[in-house]
Amino acid sequence: MTETPISSLTQRPVALVTGGMRGIGAAIAVELAAAGCDVAYTDLQPAEADDPVLRGIEAAGGRALYVESDLADLEGHNPLVERVADWGGGLDVLVNNAGVVWPQRGDMLATTPEAFDRVIGVNLRGTFFLSQRVAAWMASHPRGDGFRRTIVSIGSVSAEMATPERSEYCISKAGLAMITKLLALRLADEGVSVFEIRPGIIRTDMTASVRDKYDRAIADGLSPIRRWGEPADVARATAALVRGDFAFATGSVAHVDGGLSVQRL
């Protein structure tokens with residue numbers, strides 16, 4: 001079967017991007033609008049009066065919806081999915097982008113239950129159950145026009161590259177990698193492709209506190225491509241997966257890391 005490209009659809013696909021108000025999520029939301037989607041996006045804070053992400057989505061040709069939502073609050077998942085589906089007339093793309101780090105790095109032998117539970121609660125538990133809810137909605141509402149739906153999770157090179165000072169984060173991203181494999185197997189016959197993108201060192205608010213450290217490390221060859229990754233790099237990769245550019249793939253991992261994770265001697 002040949003999948004239908006976005007450009008030939010009579011109804012624009014509807015995408016939901018978690019953590020979409022800034023950084024990688026904001027870039028993905030705007031890029032998906034340019035690729036042909038209407039985009040709903042979430043974050044923790046109330047909507048801004050003049051939200052640049054909303055304006056960016058609309059300028060790129062899409063309709064936009066912002067929903068204040070905490071991914072860790074499982075009770076909020078059903079209302080979120082129903083609201084987006086009602087607004088958009090469907091739900092075709094989920095981008096699991098929202099994620100947190102514990103503010104303080106430290107020896108894994110001193111990792112606290114509070115740090116572990118917070119990071120796992122958002123990055124792994126919240127992502128699993130929202131993906132479960134969206135997948136169930138997709139399975140019970142087949143689109144029927146040949147467009148293959150997509151779930152993309154924004155993981156990290158930390159899924160396979162260990163950092164003992166950030167153990168809870170590494171564990172959460174390793175678990176996310178397995179969620180991708182499991183969903184890919186479960187949803188293949190439902191017309192849903194599932195992917196993981198593993199960014200490397202990306203210039204965002206999350207990395208601002210270690211910018212000088214990574215400036216030096218990148219210049220010294222930390223990654224073969226000697227520059228910071230940008231949110232746009234991850235956004236373009238996400239759009240390619242959503243458009244169906246890799247139509248005979250599911251369960252795959254796209255490394256957007258400048259070659260950081262390539263093993264070297």
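The axes of helix H1 (residues 23-35) and helix H7 (residues 231-243) come within 8 Å and cross at roughly 40°, where axes are lines fitted to C-alpha atoms, for helices over the stretch in contact, and angles run from 0 to 180 degrees between N-to-C directions. That angle makes H1 oblique to H7, since angles under 35 degrees count as roughly parallel, over 145 as roughly antiparallel, 65 to 115 as roughly perpendicular and the rest as oblique. The helices themselves are DSSP runs of H or I with at least four residues, numbered from the N terminus. This is a predicted model, in which local features need pLDDT of at least 70 and side-chain atom pairs count only at pLDDT 80 or more, while totals for chains, interfaces and linings use all residues. Residues are numbered from 1 along each chain as its sequence is written, and side-chain values use heavy atoms, with hydrogens and water left out.

H1 passes H7 in a right-handed crossing, a label given when the near helix is turned clockwise from the far one by less than a right angle, anticlockwise being left-handed. On the H1 side the contact (heavy atoms within 4.5 Å) is made by Gly23, Ile24, Ala27, Ile28, Glu31, Leu32 and Ala35, and among its partners on H7 are Pro231, Val234, Thr238 and Val242. These residues divide into eleven nonpolar, two polar and three charged, with Ala, Val, Leu, Ile, Met, Phe, Trp, Tyr, Cys and Pro counted as nonpolar, Asp, Glu, Lys and Arg as charged, and the others, Gly among them, as polar. Within H1, alanine 27 touches Pro231, Ala232 and Ala235, not counting residues up to four places away in sequence.

The largest nonpolar core has 36 residues, and those with the most contacts inside it are Ile28, Leu32, Val39, Ile57, Ile197 and Val234; such a core is a set of buried Ala, Val, Leu, Ile, Met, Phe, Trp, Tyr and Cys residues joined through side-chain atoms within 4.5 Å. H1 gives the most to this core, with eight residues. Apart from it lies another core, of 33 residues, among them Val14, Leu80, Leu124 and Leu183.

Elsewhere, helix H3 (residues 77-88) and helix H4 (residues 113-140) pack at an angle of about 45°, with their axes 10 Å apart, and H3 and H4 are therefore oblique to each other. Their contact includes Leu80, Val81 and Glu82 of H3 together with Phe129, Arg133 and Trp137 of H4, and its residues divide into seven nonpolar, three polar and two charged. Glutamate 82 counts as partly exposed because its relative accessibility is 32%, the scale being under 20% relative accessible area for buried, over 50% for exposed and partly exposed in between (1.4 Å probe, protein chains only). Leaving aside its neighbours within four places in sequence, glutamate 82 is in contact with Arg133 and Trp137; from tryptophan 137 it is 55 residues apart in sequence and 8.9 Å apart in space, C-alpha to C-alpha.

H4 also packs with helix H5 (residues 167-187), their axes coming within 9 Å and crossing at roughly 10°, which makes H4 roughly parallel to H5. Here Phe116, Leu124 and Phe128 are among the residues of H4 that meet H5, whose own side includes Tyr169, Leu176 and Leu183.

Technical notes
Helix = DSSP H or I, 4+ residues; strand = E, 2+ residues; numbered from the N terminus.
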